[in-house]
Amino acid sequence: MPPSWRRWLLSDAPTSRRQARAARAYLGWIAFSRNPLAMLGLVIFLALLASALFAPALAPLDPVSGDLANRLLAPGGEYWLGTDQQGRDIWSRIIYGSRTTLLIVFMVAVTAAPIGIVIGASAGYLGGWVETVLMRLTDAFLAFPKLVLALAFAAALGSGIENAILAIALTAWPPYARIARAETLAVRGTDYVAAAKLNGASDLRIVLGHIMPMCLPSLIVRVSLDMAGVILIAAGLGFLGLGVAPPQPEWGSMVSEGRSQILEQWWVCTYPGVAIFLVSLGFNLIGDGLRDVLDPREGRDG
Amino acid sequence: MSDAIIEVENLTIGFGEGKNRIAAVKGVDFTVTEGENFGLVGESGCGKSTILRALAGLNEDWSGRIRLCGRDMDKKRPRALRRLAQMVFQDPFGSLHPKHTVDRILSEPLEIHGMDDVEGRVRLALDQVQLEPVHRFRYPHQMSGGQRQRVAIARALILQPKVILLDEPTSALDVSIQAEVLNLLQDLGQQMGLTYVLVSHDLGVVAHMCRRLAIMRQGEIVETAMAEELERGKLVHPYSRQLLVASRGYDRNAIDAFLDH
């Protein structure tokens with residue numbers, strides 16, 4: 001980074017809100033980058049991103065159609081990670097499967113988190129019957145195990161990636177609503193919210209501008225920690241045939257397809273399983289790193 | 001006699017519902033005239049801050065009558081009337097939003113009320129409270145307690161209110177900063193023709209800032225006195241005298257002579 005940028009970012013007298021915000025983000029980045037495990041998580045995430053973006057360049061062979069003459073070949077030679085029962089290159093399928101994984105993770109994060117924060121923050125701030133209705137609804141969703149509920153939704157909606165995303169998002173928001181409500185209750189009685197009321201701020205302005213920013217750090221941390229779970233649920237739906245329609249590559253369904261040969265041709269389900277494991281681990285490490293930066297209350301050793 | 005700017009009649013404020021309801025303030029009356037700084041003094045829990053929050057419109061669970069600038073206040077206060085009275089809170093660490101810059105803290109009230117020349121007003125407000133332009137884009141955690149309290153004062157002034165409600169504005173500050181902030185408040189009050197209502201348990205601060213004060217105990221005003229009477233020790237009610245003795249520091253004989261009311 002050029003020294004002049006650094007000086008601009010670390011200035012003790014920022015001259016615009018943009019600079020103040022950038023400086024805050026930069027200090028957060030410095031703290032995050034000091035954590036080697038969090039950086040490892042970031043590297044894994046960036047690798048996932050790169051493989052999704054550049055899949056055609058990284059995958060040597062067609063992920064969808066295979067050569068039946070070359071079915072169930074062991075790793076090595078032209079097929080780095082071997083081939084599956086339809087003669088498709090597993091490495092290429094894993095690379096293309098990262099697109100599915102990333103899409104699911106991204107869509108779930110951008111749908112479930114906003115739903116959760118809006119429901120939780122409104123319930124916590126408004127109180128009364130609004131809170132009762134919203135939080136009992138949340139409890140009703142929380143009462144079912146996530147995977148079972150997602151299965152029920154996916155089964156009702158039919159298979160397909162859009163429905164899998166919808167099913168996962170519908171089961172992922174309740175914990176976010178609870179976190180947002182808990183943070184809101186802590187913030188609602190503070191003097192700075194009282195000061196905003198005194199200034200004549202509307203309820204909408206207070207919730208959006210004063211309360212939600214205080215809920216965001218713990219929510220971001222929770223979402224990134226949950227991403228591993230989302231990937232596993234998506235893989236589980238794929239495994240049960242409720243996720244992505246074949247022959248599109250998806251890690252969960254790849255594991256599922258290989259289970260009949262798990263002892264003789266172990267590579268068919270092992271390598272997609274390793275991919276699932278690595279990406280889940282990466283999101284967990286990022287989540288831990290973010291927690292130390294954004295939410296220092298929980299402590300470094302926590 | 002100048003006009004009454006705050007008139008409070010038979011103000012009763014309670015917390016809780018039904019059987020558990022506790023009256024924190026019991027039928028209090030007082031009047032503050034324009035430009036006269038008024039102090040509310042008493043021990044913790046006597047209801048002085050509760051009165052202040054009701055005056056500010058933060059507590060909506062009261063009965064009786066509150067008039068500000070000759071206008072009756074409803075329990076739900078409309079946006080335009082909020083401008084009449086602003087408040088400075090006790091804790092400068094808790095009264096500024098930790099994720100908002102000073103600039104945002106000061107310009108948001110102006111945006112809410114649709115006031116023009118936001119840029120100029122923010123600069124003026126910073127100047128009035130003797131903060132430098134370099135502080136404008138800082139976050140609260142990048143400033144000292146005294147600087148934060150100045151920001152809180154600037155926020156209270158920026159809507160050009162008639163009345164400023166001060167809730168122990170210096171008790172969370174270092175002793176060396178306390179005098180600075182009090183002098184600043186006094187100067188601003190004179191320049192801008194403000195009326196202060198100051199809540200404090202520190203008789204010295206009240207005597208310094210106010211012309212008149214009310215001494216409260218258990219939700220009632222036991223005595224209203226002029227500041228000179230306080231300084232000359234001419235308080236009438238036994239509780240007020242006790243408070244005065246207590247404020248002069250610890251004295252074994254004086255404490256032994258105290259009555260438990």
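Select B:H113 first: apart from neighbours within four places in sequence, B:H113 is in contact with A:N199, A:G200, B:R79, B:R83 and B:L159, where contact means heavy atoms within 4.5 Å. The model is predicted, so local features need pLDDT of at least 70 and side-chain atom pairs count only at pLDDT 80 or more, while totals for chains, interfaces and linings use all residues. Residues are numbered from 1 along each chain as its sequence is written, chains are lettered from A and ligands numbered from 1 in the order in which they are written, and side-chain values use heavy atoms, with hydrogens and water left out.

Remain at B:H113, which is placed in the loop between α3 (102-112) and α4 (118-128) of chain B. Helices (H or I, at least four residues) and strands (E, at least two) are DSSP runs, numbered from the N terminus. B:H113 counts as buried because its relative accessibility is 15%; buried means under 20% relative accessible area, exposed over 50% and partly exposed in between (1.4 Å probe, protein chains only).

Next, select B:P169, which is 56 residues from B:H113 in sequence and 25 Å from it in space, C-alpha to C-alpha. B:P169 is also one of the residues touched by B:Q149, along with B:V88, B:F89, B:Q90, B:P92, B:L173 and B:V181, not counting residues up to four places away in sequence. B:Q149 itself lies in helix α5 (residues 145-157) of chain B and is buried, at a relative accessible area of 0%.

Now display the sheet of chain B, an open sheet of 4 strands in the order β2-β1-β4-β5 with antiparallel pairing; two strands pair if DSSP finds at least two bridges between them. β2 (22-33) and β5 (71-72) of chain B each have a single partner strand and stand at the edges, so one side of each is left without a neighbour in the sheet.

Finally, move to chain A and select helices α8 (residues 161-188) and α10 (residues 203-239), which pack at an angle of about 155° with their axes 9 Å apart. Axes are lines fitted to C-alpha atoms, for helices over the stretch in contact, and angles run from 0 to 180 degrees between N-to-C directions. α8(A) and α10(A) are therefore roughly antiparallel to each other (angles under 35 degrees count as roughly parallel, over 145 as roughly antiparallel, 65 to 115 as roughly perpendicular and the rest as oblique).
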